[in-house]
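Morning, everyone. I have one protein to walk through today. Please bring it up on your screens.

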Amino acid sequence: QVSHQCKQRIKTSRAQQRHQAASMRCCTTLWLAQATIALAPNTPTPKRTPRQAATLDPPLTRIAPPSAALRRLPGGGTSPTVWSEFADLAREVDHKFEGGVANLGQGFPNWAPPQFVKDGLRRAASEESAGGHQYARSAGHPPLTTVLARRYGVHFSRDVDPFDEVAVTVGATQALLVALIATLDKGSEVILPEPFFDLYVGQVALAGGVTKPAPMTVDGDGEWRLSEDTLRKAITPKSRVLIVNSPHNPTGKVFSREELETIARVVREENRNRLPGDELLVIADEVYKYVCHGDEQHIHFASLQDMNDITLTVSSAGKTFSATGWQIGWIVGPRHLIQPCQALLPYLQFCAPTPMQQALADCLDEADREYEGEPSYYAWLAKSYARKRRVLADALRAACVEPLPSQGGYFVVGDVSNLLELMPDEYRDGSVAADWAFCRWLAAEHGVVAIPSSPFFTDEPSRPLVRF
């Protein structure tokens, strides 16, 4: 009985407290309303339409503190990225220039995919069976994983299992994140040859890892080189992953066989001193594998001696078929590394779009056929980009920008030192690096959008380099 009475008193007390709090809130609201009327007695309260309420200046917003995951990102997840800043700037100044700005900053084509690729998607979208439009297997639509396994079996000179050694993702960006989450523990180090695609830094942080740069240097011929000594010094007992990106973003470097074999030897020697399960792994980012337009040809890192069992190869269709919006990527590797990736996929996306996967299954092989007078679409693509690279490099030289050699990918990096003295003082406020300020001026005053290279370095680069 005593217990029951105590509970009733507590219940009554809490009810009284809630009533008092509600009364206080009501009084406070009435007081604020009366104060507002007293301050503006002759001004009727305006009625806002939903459209007006949504476009208030300044807008009414709810600001939530960044989550733990966002706080791991560069800038704490609240600062604009180089991509968002220059995409916004391109939109802002587009109207100032006849024909709009020349956007050389974003990494995607401004032309449609080839006809056979579009036809493949039309066939997939016209599929009459229900299965062609429903969820696919989370780890990948079997028609696509079968084609990928067969093709990578040739690349790697081994049999690749389409169900246990391939994982299909929503683009290569997701493939990279999945591979990192599947391999890293908290505090694991990821070695990045520098400069590096800035996306890696945020993804490593989200996966709980720490980035460790291995700076490349530019030799007398303008080529980026990763020295064996630099790579060895970057490796510590905490190192878990080395990302090898070839063709390389942002520099356009294609690592030669000799360079890749040197990297493989360093990794192999490191792993001789490690226990099974604690090996230094490699994530080979090869999204530009078919966009090699120089003397060097693409070498699959996993095909090198002893590298198959420790390498996850990441690639996608977007760069190859000028269809970045398709967002189909994949990871290929040994069973013991792929299965953790497959286990993660249902929690990140149930599956990549089924029609896109089906279309790509047809297109990958069709691209091997003769195309536009070339032995294959892939050969035509490389030749096409070689011509575009020459046009861009010649234009940069004519504008007094020194282009560095580029043999792969979409990009040419240029040294803009000769033009910095032309930049008005208003852009030199010291808040950003010289290359960043230059790119703001180039876009705002001249209608050419490019990307500063400083976000691709841990520290500000020694000279102002811009990616076009």
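**Starting at the pockets**

Let's begin with the largest pocket. Sorted by class, its lining has 23 nonpolar, 18 polar and six charged residues. The model is predicted, so please keep that in mind as I go. The lining comes to 47 residues. Those nearest the pocket's centre are Thr 81, Trp 83, Phe 197, Asp 198 and Leu 199. Which elements give two or more residues to this lining? They are helix 4 (82-93), helix 7 and helix 8. The volume of this pocket is about 1100 Å³.

Now the second largest pocket. Its volume is about 640 Å³. Here 23 residues make the lining. Look for Asn 103, Leu 104, Phe 108, Trp 111 and Tyr 410, which lie nearest the centre. By class, we have 12 nonpolar, eight polar and three charged residues. Strand 1 (102-103) and helix 13 each supply at least two residues of this lining. Which element gives the most? Helix 13 does, with six residues.

**The whole protein**

Let's step back. The protein has 468 residues, and 48% of them are buried. Count the elements and you get 14 helices and 15 strands. Next, contacts. Take those between residues at least 6 apart in sequence: 69% of them join residues at least 24 apart. As for the surface, the protein exposes about 24600 Å². Carbon and sulfur atoms supply 54% of that area.

**Helix 8**

Back to helix 8, one of the elements lining the largest pocket. This helix covers residues 199-206. Which of its residues are buried? Tyr 200, Gly 202, Gln 203, Val 204 and Ala 205 are. What do these buried residues pack against? On the helix side, the partners are helix 3 (68-72) and helix 7 (171-183). On the strand side, they are strand 3 (189-194), strand 4 (210-215), strand 7 (239-245) and strand 8 (281-285).

Next, strand 10. Its residues point two ways. Gly 329 and Ile 331 go one way, while Trp 330 and Val 332 go the other. Are these four buried or exposed? All are buried.

Strand 10 pairs with strand 2 (residues 166-169). The pairing is antiparallel, over four bridges. Within it, Val 166 stands opposite Val 332. Strand 10 also pairs with strand 9, again antiparallel and over four bridges. There, Ser 315 has Trp 330 as its bridge partner.

Last topic: the backbone. Most residues other than glycine have a negative phi, and most peptide bonds are trans. So let's look at some exceptions.

Two peptide bonds come first. The bond from Ser 246 to Pro 247 is cis, with omega near -10°. The bond from Asn 249 to Pro 250 is cis too, with omega near 20°. Where is Pro 247? It is in the loop between strand 7 and helix 10 (257-271). Pro 250 is in the loop between strand 7 and helix 10 as well.

Now two residues other than glycine with a positive phi. Gln 327 has a phi near 55°. Find this glutamine in the loop between strand 9 (311-316) and strand 10 (329-332). Glu 372 has a phi near 50°. This glutamate is in the loop between helix 12 (354-366) and helix 13 (377-398).

How do the two sit against the solvent cut-offs? Gln 327 has 37% relative accessibility, so it counts as partly exposed. Glu 372 has a relative accessible area of 61%, so it counts as exposed.

That's my tour. Over to you.

Terms used: Residues are numbered from 1 along each chain as its sequence is written. This is a predicted model: local features need pLDDT of at least 70, side-chain atom pairs count only at pLDDT 80 or more; totals for chains, interfaces and linings use all residues. Side-chain values use heavy atoms; hydrogens and water are left out. Buried means under 20% relative accessible area, exposed over 50%, partly exposed in between (1.4 Å probe, protein chains only). Contact means heavy atoms within 4.5 Å. Accessible areas come from the Shrake-Rupley method with a 1.4 Å probe; for residues, only the protein chains shown count as cover. On a 1 Å grid over the protein atoms alone, a cavity is a set of points where a 1.4 Å probe fits but cannot get out, and a pocket is an open set with protein on both sides within 12 Å along at least five of seven lines; lining residues have an atom within 4 Å of a point. Grid points are joined across faces, edges and corners, and a volume is the space filled by probe spheres set on the points. Ala, Val, Leu, Ile, Met, Phe, Trp, Tyr, Cys and Pro count as nonpolar, Asp, Glu, Lys and Arg as charged, and the others, Gly among them, as polar. Two strands pair if DSSP finds at least two bridges between them.
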